Amino acid sequence: MSLLDVRDLTVVFQRRGERPFTAVDKVSFSVEPGQTVGLVGESGCGKSVTSLAIMGLLPRRGNKVTGEVNFDGTDLLKLRPDDLRDRRGRDIGMIFQDPLSSLNPVVPIGIQVAEVLERHRGMDRKAALKEARELLDAVGIPDPNRRLKEYPHQISGGMRQRALIAIALACKPRLLIADEPTTALDVTIQAQILTLLKQLVDETGTALIMITHDLGVVAGLCDTVNVLYGGKVVERAARHELFARPRHPYTHGLLSSVPRLDSPRGERLHAIRGSVADNIPWGEGCAFAPRCDNVVDACLEGTPPLEPTATGGDLRCNNPVSEEVAVP
Amino acid sequence: MTESTERTGPLVELRDVKVHFPVKSGVLFDRTVGYVYAVDGVSLSINRGETYGLVGESGCGKSTLGRGLLRLVEPTDGEIVFDGTDVRSLKGESMRKARRRMQMIFQDPLSSLDPRQSVESLLVEGLKAHGLAGDKAATAKRLRDTLAAVGLPASALSKYPHEFSGGQRQRIGIARALVLDPELIVADEPVSALDVSIQAQVLNLLEDIQNDRGLTYLIIAHDLAVVRHIADTVGVMYLGGLVEEASSDDLYREPMHPYTKALMSAVPVPDPQVEDRRERILLAGDLPSPTNPPAGCRFHTRCPWAQPTRCAEERPALREVLDGHRVACHYAEDIAAGRIRPHEVEPELVRPDDGAAPGDTGELIPTP
Ligand SMILES: Nc1ncnc2c1ncn2[C@@H]1O[C@H](COP(=O)(O)OP(=O)(O)OP(=O)(O)O)[C@@H](O)[C@H]1O
Ligand SMILES: Nc1ncnc2c1ncn2[C@@H]1O[C@H](COP(=O)(O)OP(=O)(O)OP(=O)(O)O)[C@@H](O)[C@H]1O
Ligand code: SF4
Ligand code: SF4
Ligand SMILES: [Mg+2]
Ligand SMILES: [Mg+2]
């Protein structure tokens, strides 16, 4: 049994007087212990809403969540709010893009780590502070003794993200969800944080869901990658497979449109035409059809199904990129 | 308008340009308690028809340099020569004329466009400010041509910024610069707010426009892969100074400054085979504060190759180490030859300075 098994997760936002909007559309994936699973896709494709729904952190009103989020055999969507909060605190940690907004500005970071330890691991203050110091040290915060007493605004963005990771790790979570944890950081700081996350996964065996729009981050980190488009998984593959032979025209287009540091210069980038504003509703066909070079008639006749591939992945496409076509 | 006679050679030359912002404090009196050394002695030149790419991490002074070049912030010191004229000595009408020839594109297309103005009025506004909106028919043609150049239909004229997607808005931002027929475009993070699939469209567009019109670009971006793709020459900034400059190919083939080496090794590459083999140079700690930059080499607090005393005492000049390849490091040759090996660095504590507000690259600065 997987550690996390997400089945047909669907999130529909419904504001009064507005048409319902399906932000996450029957998304299914699973995560094994010690595994890193990537969710990639462009702005608005539903990455954050997926993670918030898993964590039960979506606003109470204005949305409807259906499907199953089985964590270690329990469907989190069926838990009472109190039980869910407890479960979340103990077993699932979360790291967000903007550490400043997820840290309490008026509580020193050491106390914030210690409070989590007291609440979820039943430690007394003294033991909690000692452990907090060790955690700050483990995530590479220099001089943790002094850092214990400092407020979030007194430390840099990179250090704040480390503090947030320390808080997420405080409960020795079995699953860590990181939503664009390095997007707001400089690339040299990003390298520090990604290295740290990789070490944590290796050393603690925690599972990691890595949410990012950056294919480079995924390439270095994730065992399995789910590519989302318009709220649906359009392709899922093992890391090497996905990058060597992207089969979905969107994945293929993304990979050939990003300039690479290590590829020959001077070639024109292969841009995907249009924008997500051109998408058609999934109910009418493939949402990507208006932007797709491979479009065929079937693409406008209902949602293409997500089907298993020969290489152990899944693909939602009527006319995939042939396996011989490499990314330029 | 003055058409230059020279068609080759530098269009822009910066000589020892400095932009320092005073840090004020005090309840009753605004006392200057220090300075943010945002740009601290940068010399570079940009050849006509070429693209100069400026990279570096947040706060290193890229935007301030771009703005200083256009005098959207007043440089503290140094010379800015545009097409043979020292821009800093220009006043009034002659500055206004020079401004038309140098235009800027901003990162966040939405916040740099007035939401209450239609695209037509946005574009005409610039023309009017430069006395170029005289003839109705000619103006209408100019607007249509400009929109066509950025790949928008003429029907876009009557629409408002919020009616466009991010990529289209950036096209409007480009059109607003282009309509004035400039010679130099300074683009500050032109694609960093855009989705990956849209970035390529805008980068291709910038290249097409340059090929059609022979424009000169200064492209400022933190994304090295983007800069490598689009720029002919790349300058790397660290804490207000240029630490390395070379042709795009040379810089990526053989980065010589320790900071450039670290920066490049940190950029993720969307290829697992490359990622699995890569060796990263992880820098210790954070960027020091530009209000209190380290003495000597500004990078010595984080440099894995730093050598005792000299690196902490003497600021290295940007010097030509290889043909057309300038590096600001005392030990560039020794490092390249492997005579000096990298070592561990203890991270130093850095406080985000409360004095200086972070630079906001998104706001619109009206061109007078
Ligand atoms: N509370 C909400 N109410 C209504 N719509 C919402 C809400 N939260 C998100 N959405 C919509 O759901 C869609 C998916 O949003 P989500 O935040 O998951 O995107 P994302 O993939 O995380 O994008 P990004 O890369 O920009 O973070 C978007 O169209 C968004 O506008
Ligand atoms: N108007 C200003 N007043 C005071 N300090 C400023 C001002 N503008 C910029 N700074 C400071 O100057 C330094 C350089 O800022 P700048 O915006 O040029 O950096 P940048 O390289 O463009 O960074 P980013 O990648 O974040 O855009 C920063 O420390 C910034 O806080
Ligand atoms: S289903 Fe059709 S439109 Fe959609 S990606 Fe595949 S080929 Fe393109
Ligand atoms: S001068 Fe010294 S500290 Fe500076 S980059 Fe070179 S070796 Fe490093
Ligand atoms: Mg998100
Ligand atoms: Mg900037």
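Start with strand β3 of chain B, residues 51–55. Four bridges join β3 to β9(B), and the two strands run parallel. Keep in mind that this model is predicted. Now pick Y52(B): T233(B) in β9(B) stands opposite.

Next, select β9 itself, residues 233–238 of chain B. Is this strand mostly covered or mostly open? Mostly covered: six of its six residues are buried. Colour the two sides separately. T233(B), G235(B) and M237(B) lie on one side. V234(B), V236(B) and Y238(B) lie on the other. Both faces are covered. In a regular strand, side chains alternate between the two faces of the sheet.

Move on to β10, residues 241–247 of chain B. Six bridges link β10 to β9(B), and this pair runs antiparallel. Find V236(B), which stands opposite E244(B) in β10(B). The hairpin of β9(B) and β10(B) has two residues between the strands. Stop at L239(B) in this hairpin: its phi is positive, near 45°.

Now go to the loop between β1 (10–25) and β2 (31–47) of chain B, where F29(B) lies. F29(B) counts as exposed because its relative accessible area is 64%, over the 50% cut-off. With F29(B) they make a nonpolar surface patch of about 450 Å².

Finish with two ligands. Around ligand 3, select the surrounding residues of chain A, including H248(A), C286(A), C292(A) and N319(A). This shell has eight nonpolar, four polar and no charged residues. Around ligand 4, the neighbours include H257(B), C297(B), W305(B) and Y331(B). Here the shell divides into nine nonpolar, three polar and no charged residues.

Note on methods:
Residues are numbered from 1 along each chain as its sequence is written. Chains are lettered from A and ligands numbered from 1 in the order in which they are written. This is a predicted model: local features need pLDDT of at least 70, side-chain atom pairs count only at pLDDT 80 or more; totals for chains, interfaces and linings use all residues. Side-chain values use heavy atoms; hydrogens and water are left out. A residue is near a molecule or strand if one of its heavy atoms lies within 4 Å of it. Ala, Val, Leu, Ile, Met, Phe, Trp, Tyr, Cys and Pro count as nonpolar, Asp, Glu, Lys and Arg as charged, and the others, Gly among them, as polar. Patches are made of residues with over 30% relative accessible area and no salt bridge: like charges are joined within 9 Å, nonpolar side chains (Val, Leu, Ile, Met, Phe, Trp, Tyr) within 5 Å. Accessible areas come from the Shrake-Rupley method with a 1.4 Å probe; for residues, only the protein chains shown count as cover. A salt bridge is a side-chain nitrogen of Lys or Arg within 4 Å of a carboxyl oxygen of Asp or Glu. Buried means under 20% relative accessible area, exposed over 50%, partly exposed in between (1.4 Å probe, protein chains only). Two strands pair if DSSP finds at least two bridges between them.
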